[in-house]
Amino acid sequence: MRRTAWLLLTTVLAWATLLGTPAVSSPAGAEELRTVTLRVAADETYRAQEDWEATIRSAVGTVSDIYARRFKIRFVIREIVPWTLGEVGPVREILKRLRAEVPGGDDVDVVVAFTRGRCVPLEYGAALPFDRFAVILTGCPGPNSPGLVPTEVILSHEMGHLFGAFHVRAGAPTVMRGGPADRFDNQSSRVIALMRGFDFRRGVLGLDEPTRRAWSAVYAEGHEPGGPNPLAAKIAIAAMEAFRAGRAADAEAALRVALDLAPTDAVVRANLGLLHHARGQLEDAVRELAEARALNPGLVEARTELGFALYDLHRDNEAFSEFRAAVTQDPRFAPARVGLAEVLARGQRLPDAINQLQEAARLEPHNGNTQYGLAVLLYRAGYYDESRQAVQRAQSLGQQIPLDFIQSLEQKAPSH
């Protein structure tokens with residue numbers, strides 16, 4: 001049985017630019033307007049409104065005027081495309097779907113999605129700092145009034161994030177804390193001005209060291225407590241994408257930069273541990289993942305990957321404890337249940353292992369690798385019909401099944 005590889009963070013990397021050429025270069029002429037092009041996606045809930053396209057163009061135009069006055073940045077819509085979301089979970093899930101389904105490409109700088117009525121308390125949009133994707137939730141009431149939060153406020157806030165702005169401490173009204181669309185605090189103003197020439201297509205690893213240092217100095221003045229350092233987190237995201245692309249050495253170098261920026265960031269350290277694990281450096285992986293767990297005991301991803309590293313070292317009792325703790329923290333986190341199944345199966349506790357893997361498959365019904373692992377366990381337990389069914393489900397999900405396993409299964413009589 002093989003487990004599905006999972007990553008804490010993912011995006012795009014071009015390592016040669018990180019410590020090399022500067023990426024934030026001012027357009028010719030300090031007063032020249034910098035144009036940021038947008039691809040706008042409108043989902044079915046937003047398109048159900050009357051004059052929805054004109055409403056989008058009006059909101060973008062208003063925010064563009066604000067940014068042009070304050071930062072010499074204007075936003076221009078290249079195209080508006082329809083997008084179907086259907087049933088979807090939290091705004092972070094919408095953002096993930098947006099990345100996968102509405103490409104950025106080389107013809108636009110930023111992709112912005114508009115949806116309506118998908119309201120969650122205190123969530124009005126989503127965008128990662130230094131990214132090129134943003135989601136705008138409209139038609140949602142404000143926290144302290146029955147009125148709806150203006151679309152311009154949400155759009156101005158999320159565009160600020162894309163330029164590296166972060167949630168500042170509570171204080172004077174500012175758009176980065178839900179204030180008016182044209183109200184920027186001093187820190188956010190300086191960050192957006194610093195990042196005015198940010199190359200969205202090259203991404204965060206296009207920032208040179210002086211720019212990273214300047215941004216960090218503003219961030220160090222104060223920010224909303226909790227959460228990762230946005231710059232370090234985004235560099236870590238890029239590092240893990242490099243790892244997925246087979247550039248492990250580049251990924252490690254980027255993670256070292258992220259750790260220099262945020263040495264106590266549990267997510268960055270967990271990704272370094274994951275990288276060590278993937279390279280077969282198991283003791284190093286255990287050390288980094290244990291440190292990540294100590295920094296943030298609630299990070300179930302780090303605890304689960306620590307369990308897998310311990311399992312690969314045949315320290316099964318310790319691995320089982322980590323998996324069980326992760327499942328206790330988040331019963332819906334399927335990878336931890338896969339880990340429990342691996343430990344139980346190696347201990348010849350096949351019924352318990354099957355139960356855990358069945359639950360993992362229920363939680364992640366589109367994971368073909370989990371279905372294949374379940375087929376293997378059912379085969380070992382003598383449940384050949386059920387194993388065949390699991391194989392069929394895995395194949396329908398695009399999972400490749402070894403031919404020798406299929407042949408062995410075909411030779412078995414139906415289970416009774």
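This briefing describes a sheet, a helix pair and several individual residues of one predicted model.

Because the model is predicted, local features need pLDDT of at least 70 and side-chain atom pairs count only at pLDDT 80 or more, whereas totals for chains, interfaces and linings use all residues. Residues are numbered from 1 along each chain as its sequence is written, and side-chain values use heavy atoms, with hydrogens and water left out. Helices (H or I, at least four residues) and strands (E, at least two) are DSSP runs, numbered from the N terminus.

- Five strands form an open sheet in the order 2-1-3-5-4, with mixed pairing; two strands pair if DSSP finds at least two bridges between them.
- Strand 2 and strand 4 are the edge strands, each pairing on one side only.
- From one strand to the next, the twist averages 20°. Angles run from 0 to 180 degrees between N-to-C directions, and axes are lines fitted to C-alpha atoms, for helices over the stretch in contact.
- Helix 3 (residues 91-101) packs on the sheet and touches strand 1 (34-43), strand 2, strand 3, strand 4 and strand 5, where contact means heavy atoms within 4.5 Å. The direction of helix 3 makes about 130° with that of strand 5.

- Strand 5 (residues 133-138) is largely enclosed by the rest of the structure, because six of its six residues are buried. Buried means under 20% relative accessible area, exposed over 50%, and partly exposed in between, with a 1.4 Å probe and protein chains only.
- In a regular strand the side chains alternate between the two faces of the sheet. In strand 5, Phe133, Val135 and Leu137 point one way, while Ala134, Ile136 and Thr138 point the other way, and all are buried.
- Strands of a sheet pair through backbone hydrogen bonds, either parallel or antiparallel. Strand 3 (residues 110-116) pairs with strand 5 in the parallel sense over six bridges, and Ala113 has Val135 of strand 5 as its bridge partner.
- The pairing of strand 4 (residues 125-127) with strand 5 is antiparallel and runs over three bridges. Gly125 is bridged to Ile136 of strand 5, and Ala126 to Val135 of strand 5.
- Five residues lie between strand 4 and strand 5 in the hairpin that they form, and Phe130 in the turn has a positive phi of about 70°.
- Gly139 is placed in the loop between strand 5 and helix 4 (151-162). Apart from neighbours within four places in sequence, Gly139 contacts Arg116, Gly117, Cys119 and Leu148.
- Gly139 and Tyr46 are separated by 93 residues in sequence, and their C-alpha atoms are 9.3 Å apart in space.

**Packing of helix 9 and helix 11**

- Helix 9 (residues 266-278) and helix 11 (residues 300-312) pack with their axes 10 Å apart, at an angle of about 25°.
- The two helices, helix 9 and helix 11, are therefore roughly parallel to each other. Angles under 35 degrees count as roughly parallel, over 145 as roughly antiparallel, 65 to 115 as roughly perpendicular and the rest as oblique.
- Helix 9 contributes Ala270, Leu274 and His277 to the contact, and helix 11 contributes Ala302, Glu305, Phe308, Ala309 and Asp312.
- By class, this contact of helix 9 with helix 11 has five nonpolar, one polar and two charged residues. Ala, Val, Leu, Ile, Met, Phe, Trp, Tyr, Cys and Pro count as nonpolar, Asp, Glu, Lys and Arg as charged, and the others, Gly among them, as polar.

**Residues with positive phi**

- Most residues other than glycine have a negative phi.
- Lys72, which is not a glycine, has a positive phi of about 60°. Lys72 lies in the loop between helix 2 (52-71) and strand 2 (73-83) and is partly exposed, with a relative accessible area of 30%.
- Gln348 likewise has a positive phi, near 65°, in a residue other than glycine. Gln348 is located in the loop between helix 13 (334-346) and helix 14 and counts as exposed at 56% relative accessibility.

- Gln356 belongs to helix 14 (residues 350-363) and counts as buried, at 18% relative accessibility. Not counting residues up to four places away in sequence, Gln356 touches Arg337, Leu340, Ala341 and Leu344.
- Ser189 is situated in helix 5 (residues 186-194) and is buried, with 14% relative accessibility. Beyond its neighbours within four places in sequence, Ser189 is in contact with Arg70, Phe71 and Phe184.
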